[in-house]
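Take a look at the model first, then try each task before reading its solution.

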Amino acid sequence: MTDTTLEQGATAAIRVVKRATAKIPADWILEKGPEQNDYNYCDGTIDTGSRGSAQWLYGFAFDLTHEVPNAQLLSLMEPTGKEWSLLVKESNVQGGTAMDYRFTDGRTQLYITLNGESSTRPRVGVSAYGQCIRNGTTGPGTFPTPNPADISE
C-alpha cells in the first residue's frame, strides 16, 4: 500500500498506457475497441469503507490495418527507463503468434498483448493496473472517472 490516492493511481495507469501506445502510427490503427477505465477492489473483498482498498485499470485493444512483426510493435511500445522490468513473457497462438508481456515499475503493471503477425486479425491489447491503494476518504466513487483525453503523457 501507499499513501497516494486512487485518483492518482488512475491518472498514472492512463499515462502508462498512453506512453506505451504513443509511438504506434495512427494510420496502422484500423479500429480501437472500447476502453476499460475503472477500479477493482483488492484482496477479493468489496469494501467501500476507509479501510478497504482498490486499484485502477485502464486499457483497450485495437485492430491493425496490416500485419506488423511483434518485435517491431514491442520496440514501439516497450516502456523505457531503469525503473521498468519485464516480469512475464509468454507465447500463445491466436490465428498467428501472439506474445504477452507484463512489465512493472514497482507501482504500476503494464500488460501488452501483441498479435500483429496474425494474417486474419492483427491486433494489439494494452492495459495498466495501478497498485492497491487504501480508500481512506478518496476511494471508489469519490471522484469522477478520469477522461484519458484530459491526461497528458
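**Exercise 1: Charges**

Count the positive and negative side chains and find how far apart the centres of the two sets lie.

*Solution.* The chain carries 13 positive and 18 negative side chains, with Lys and Arg taken as positive, Asp and Glu as negative, and His and the chain ends not counted. Placing each charge at NZ of Lys, CZ of Arg, CG of Asp or CD of Glu, the two centres lie 5 Å apart.

A word on the model: it is predicted, with local features needing pLDDT of at least 70 and side-chain atom pairs 80 or more, while totals for chains, interfaces and linings use all residues. Residues are numbered from 1 along each chain as its sequence is written, and side-chain values use heavy atoms, without hydrogens and water.

**Exercise 2: Overall size**

Compare the radius of gyration of the chain with that of a compact globule.

*Solution.* Start with the rule, 2.2 Å times the number of residues to the power 0.38, for C-alpha atoms. Next, the box along the principal axes: the C-alpha atoms fill roughly 50 × 30 × 30 Å.

**Exercise 3: A hairpin**

Describe strand β5 and its pairing with β6.

*Solution.* First, cover: six of the eight residues of β5 (97-104) are buried, that is, under 20% relative accessible area with a 1.4 Å probe, protein chains only. Strands here are DSSP E runs of at least two residues, numbered from the N terminus. Then, pairing (at least two DSSP bridges): β5 and β6 (108-115) run antiparallel, joined by six bridges. Arg 102 has Tyr 111 of β6 as its bridge partner. Finally, the hairpin has three residues between the strands, and Gly 106 takes a positive phi near 95 degrees.

How values were computed:
Buried < 20%, exposed > 50% of the residue type's maximum accessible area, 1.4 Å probe, protein only. Helix = DSSP H or I, 4+ residues; strand = E, 2+ residues; numbered from the N terminus.
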